[in-house]
There are 6 protein chains.
Amino acid sequence: MPKLTEYKDMSPRAKAVVEDIAKRRTVDPAQINNVWKALAKHPAVMERFAEEMKAAFAPGKLDPLTKELVYLAVSIANQCDYCIASHGTMARAKGMTDEMHEEFMAVVLAAQKGNKIAMAYRVPVDAAFEEM
Amino acid sequence: MPKLTEYKDMSPRAKAVVEDIAKRRTVDPAQINNVWKALAKHPAVMERFAEEMKAAFAPGKLDPLTKELVYLAVSIANQCDYCIASHGTMARAKGMTDEMHEEFMAVVLAAQKGNKIAMAYRVPVDAAFEEM
Amino acid sequence: MPKLTEYKDMSPRAKAVVEDIAKRRTVDPAQINNVWKALAKHPAVMERFAEEMKAAFAPGKLDPLTKELVYLAVSIANQCDYCIASHGTMARAKGMTDEMHEEFMAVVLAAQKGNKIAMAYRVPVDAAFEEM
Amino acid sequence: MPKLTEYKDMSPRAKAVVEDIAKRRTVDPAQINNVWKALAKHPAVMERFAEEMKAAFAPGKLDPLTKELVYLAVSIANQCDYCIASHGTMARAKGMTDEMHEEFMAVVLAAQKGNKIAMAYRVPVDAAFEEM
Amino acid sequence: MPKLTEYKDMSPRAKAVVEDIAKRRTVDPAQINNVWKALAKHPAVMERFAEEMKAAFAPGKLDPLTKELVYLAVSIANQCDYCIASHGTMARAKGMTDEMHEEFMAVVLAAQKGNKIAMAYRVPVDAAFEEM
Amino acid sequence: MPKLTEYKDMSPRAKAVVEDIAKRRTVDPAQINNVWKALAKHPAVMERFAEEMKAAFAPGKLDPLTKELVYLAVSIANQCDYCIASHGTMARAKGMTDEMHEEFMAVVLAAQKGNKIAMAYRVPVDAAFEEM
């Protein structure tokens with residue numbers, strides 16, 4: 001059983017998901033990213049993920065690049081190679097310069113360190129932060 | 001041995017770190033956050049973390065709130081309660097509204113899902129993303 | 001130093017572990033999975049893991065497929081590619097259909113989301129759950 | 001700002017989510033679990049999570065207890081205390097005996113070990129597993 | 001159902017495990033650590049963990065403090081509060097001074113950073129390391 | 001954009017970092033490891049990581065091999081393939097025999113199990129460990 005299902009071989013439900021994504025991105029459905037080809041055999045999971053991504057990246061109070069950086073930050077913390085490659089590329093497409101990338105990495109690495117320090121030294125939450 | 005060292009009981013090296021932070025935040029050194037009280041007995045680790053945080057949050061191409069959101073995203077992915085409480089509070093202080101918080105959470109949760117889907121379906125990286 | 005030791009080149013202790021596994025699975029010891037070839041140089045670790053796997057998958061109150069799904073769920077949460085590939089294959093061999101696989105993934109992804117929500121919103125444990 | 005919003009103080013959207021859950025579980029909406037009280041201020045995230053949970057636990061090919069065990073396995077791997085407490089309790093309510101719990105833990109711990117062994121020894125995926 | 005079972009209330013199998021540990025540590029079985037009280041209802045899991053710990057800490061080529069530091073390093077990376085508290089205490093009992101603790105933390109934090117850098121920049125493994 | 005920048009193509013700041021590392025390791029700067037080639041476009045992040053590694057591995061109270069084992073333990077817990085390959089190789093170069101490697105792995109795996117047991121059984125920290 002192959003891991004990826006090409007667009008032309010997808011079920012109608014999977015094709016509908018791909019067509020909606022392709023239309024918004026103005027790409028050919030046959031050129032859809034591998035993640036959708038991998039999900040095609042599980043249409044309910046696929047539809048829900050497509051809907052969740054659409055809602056998460058819908059225009060709102062946070063600008064598109066900020067959202068990509070948040071997505072990329074989670075992917076780095078979780079060490080997901082596919083996600084770092086794909087959303088790193090998307091962040092660049094949405095305006096991330098090399099300089100911004102470096103600043104972003106500096107924050108990600110500082111956060112990583114802060115996270116481990118807080119755990120390793122068993123730091124109790126300050127009363128002032130308890131209301132968060 | 002207590003976990004936290006109060007400012008008045010810190011070594012001169014630790015006091016210097018705290019004073020620099022307190023000055024930039026215009027707070028009383030005695031009111032410094034617990035993470036610094038926990039690090040006070042390890043001045044070399046403390047100095048390096050303080051320096052790294054200062055550099056990461058120095059004015060640059062990314063605005064201060066974006067940086068807080070990136071920090072918070074990493075902390076949620078890593079499940080660091082102290083960091084979520086402290087940087088969640090800081091994000092609010094830097095302008096995160098409830099509406100922005102919800103949008104941010106929508107992206108964090110979509111990223112979490114995307115990360116696990118990519119791994120669970122063993123999705124190969126698209127050629128187009130390989131140059132990232 | 002090669003990463004994998006073939007059956008014919010293993011020490012007697014490693015060979016004994018492989019033979020016991022091969023016998024239960026009715027396969028040729030030379031066809032044993034890579035994980036055992038990788039462990040062959042560390043016989044004490046190898047023996048303990050083989051014993052632990054045998055005990056975990058011994059007949060009991062939970063049926064074999066349920067156990068495979070639990071193993072697979074942990075492997076996805078931990079993002080272990082080798083384990084997802086091997087135990088995904090074993091789950092299919094033990095009866096997991098595409099439909100069951102999709103249901104399983106729906107639960108895994110819901111759990112992932114629930115885990116991150118509980119941390120991100122710092123949800124206190126309900127009194128009713130404290131006795132668990 | 002309090003972390004939890006009681007049912008009586010929720011917005012109509014949040015109340016509707018809670019009422020639907022309470023009805024299916026035949027409990028009083030005021031007795032809803034903390035996770036929903038924590039999400040009440042973020043109705044879009046709340047609605048999507050409620051929907052995802054409902055779909056994941058809808059009757060299907062996998063029985064309810066198997067689904068709870070999969071959920072619990074992910075929560076243990078991710079070290080989510082709230083989720084372990086709540087879904088551990090639910091697993092018991094759905095029939096998990098102490099004996100089944102122990103068998104389940106044996107598989108979870110074997111999986112944890114297998115995951116780390118595969119990474120630490122850098123085990124390449126067997127050709128036979130590549131099609132998964 | 002209480003989370004912890006006191007020594008006097010344990011089954012004979014659990015008591016035997018506790019007595020063996022207490023004897024080696026020359027403490028009163030009633031004073032055994034909470035982890036064993038929590039495991040008492042799952043004797044097979046308990047016995048296997050006790051045996052694994054005994055084997056891991058048996059005299060060998062690595063000295064006892066080095067082993068404690070390795071255990072503590074894993075526990076910090078995994079963010080296990082109980083394990084950091086207990087094995088941090090044991091590391092001190094086996095000779096870890098404040099100075100050594102700080103050096104240890106410097107390595108742990110450098111490793112954390114190295115790990116995330118390797119993932120975030122998608123660094124390919126050097127040919128020279130492939131034989132590891 | 002290529003992922004790796006060769007030494008001859010690096011900026012003066014990146015070259016200076018590489019030269020300092022190459023000198024201490026008495027290798028040709030052109031033979032520097034991939035991680036530095038990957039970081040070359042982000043000189044501030046690169047300089048800070050180089051400095052942190054230098055400080056972490058500076059002579060002190062813990063011997064060089066112990067530090068490598070701590071680094072390797074963190075890398076295994078975090079499942080960083082690059083780091084396991086590179087620091088595994090370095091640990092061997094600093095004296096780790098196959099026998100020591102196996103003892104090390106036994107402790108790492110026992111720690112992994114202890115970590116998950118503590119979380120899964122929700123073990124409260126013993127009063128005696130609270131002062132750590």
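Predicted model: local features only at pLDDT ≥ 70, side-chain atom pairs only at ≥ 80, totals over all residues.

Colleague: Okay, start with chain D and chain C. How many residues does the contact take from each?
Modeller: Chain D puts in 65 residues, and chain C puts in 65 residues. Together they bury about 6,100 Å², with 71% of that on carbon and sulfur atoms.

Colleague: How many salt bridges are there across chain D and chain C?
Modeller: The rule finds 4 salt bridges across that interface. One of them joins Lys113(D) to Glu52(C), where the closest N and O atoms are 2.9 Å apart. There are also 23 residue pairs in polar contact between chain D and chain C.

Colleague: And which helices of chain D supply at least two residues each to the side that touches chain C?
Modeller: Those are helix H2 (34-39), helix H3 (43-56), helix H4 (64-77), helix H5 (81-93) and helix H6 (98-120) of chain D. H6(D) gives the most, with 17 residues.

Colleague: What's that side of chain D made of, by class?
Modeller: The side of chain D that touches chain C has 40 nonpolar, 14 polar and 11 charged residues.

Colleague: Switching over to chain F and chain D. How many residues are in contact there?
Modeller: 17 residues of chain F are in contact with 17 residues of chain D. That pair buries about 1,900 Å², and 66% of it is on carbon and sulfur atoms.

Colleague: Which residues of chain F lose the most area to chain D?
Modeller: Lys116(F), Met119(F) and Arg122(F) do, and together they make up 31% of what that side buries.

Colleague: What about salt bridges between chain F and chain D, how many?
Modeller: The rule finds 2 salt bridges there. Asp81(F) forms a salt bridge with Arg122(D), and their closest N and O atoms are 2.7 Å apart.

Colleague: Which helix gives the largest share of chain F's side?
Modeller: H6(F) does, with 9 residues. Helix H4 (64-77), helix H5 (81-93) and helix H6 (98-120) of chain F each supply at least two residues to that side. By class, the side of chain F that touches chain D has 10 nonpolar, 3 polar and 4 charged residues.

Colleague: Now inside one chain. What domains does the assignment give for chain A?
Modeller: Domain 1 of chain A covers 1-56 and domain 2 covers 59-132. Their C-alpha centres lie 27 Å apart. The contact takes 7 residues from domain 1 and 5 residues from domain 2.

Colleague: How much area is buried between those two domains?
Modeller: About 380 Å², of which carbon and sulfur atoms give 57%. The count of salt bridges between the two domains of chain A is 0, while 2 residue pairs are in polar contact.

Colleague: Which helices of chain A give two or more residues to domain 1's side?
Modeller: Helix H2 (34-39) and helix H3 (43-56) of chain A. H3(A) brings the largest share, 3 residues. By class, that side of domain 1 has 4 nonpolar, 2 polar and 1 charged residues.

Notes:
Residues numbered from 1 in each chain as written. Chains lettered and ligands numbered in written order. Heavy atoms only, no water. Domains from an automatic or database assignment. Contact = heavy atoms within 4.5 Å. Buried area = accessible area lost by both parts, 1.4 Å probe. Salt bridge = Lys/Arg side-chain N within 4 Å of Asp/Glu carboxyl O. Polar contact = N/O pair within 3.5 Å; in protein donor to acceptor, adjacent residues only side chain to side chain. Helix = DSSP H or I, 4+ residues; strand = E, 2+ residues; numbered from the N terminus. Nonpolar A, V, L, I, M, F, W, Y, C, P; charged D, E, K, R; others polar.
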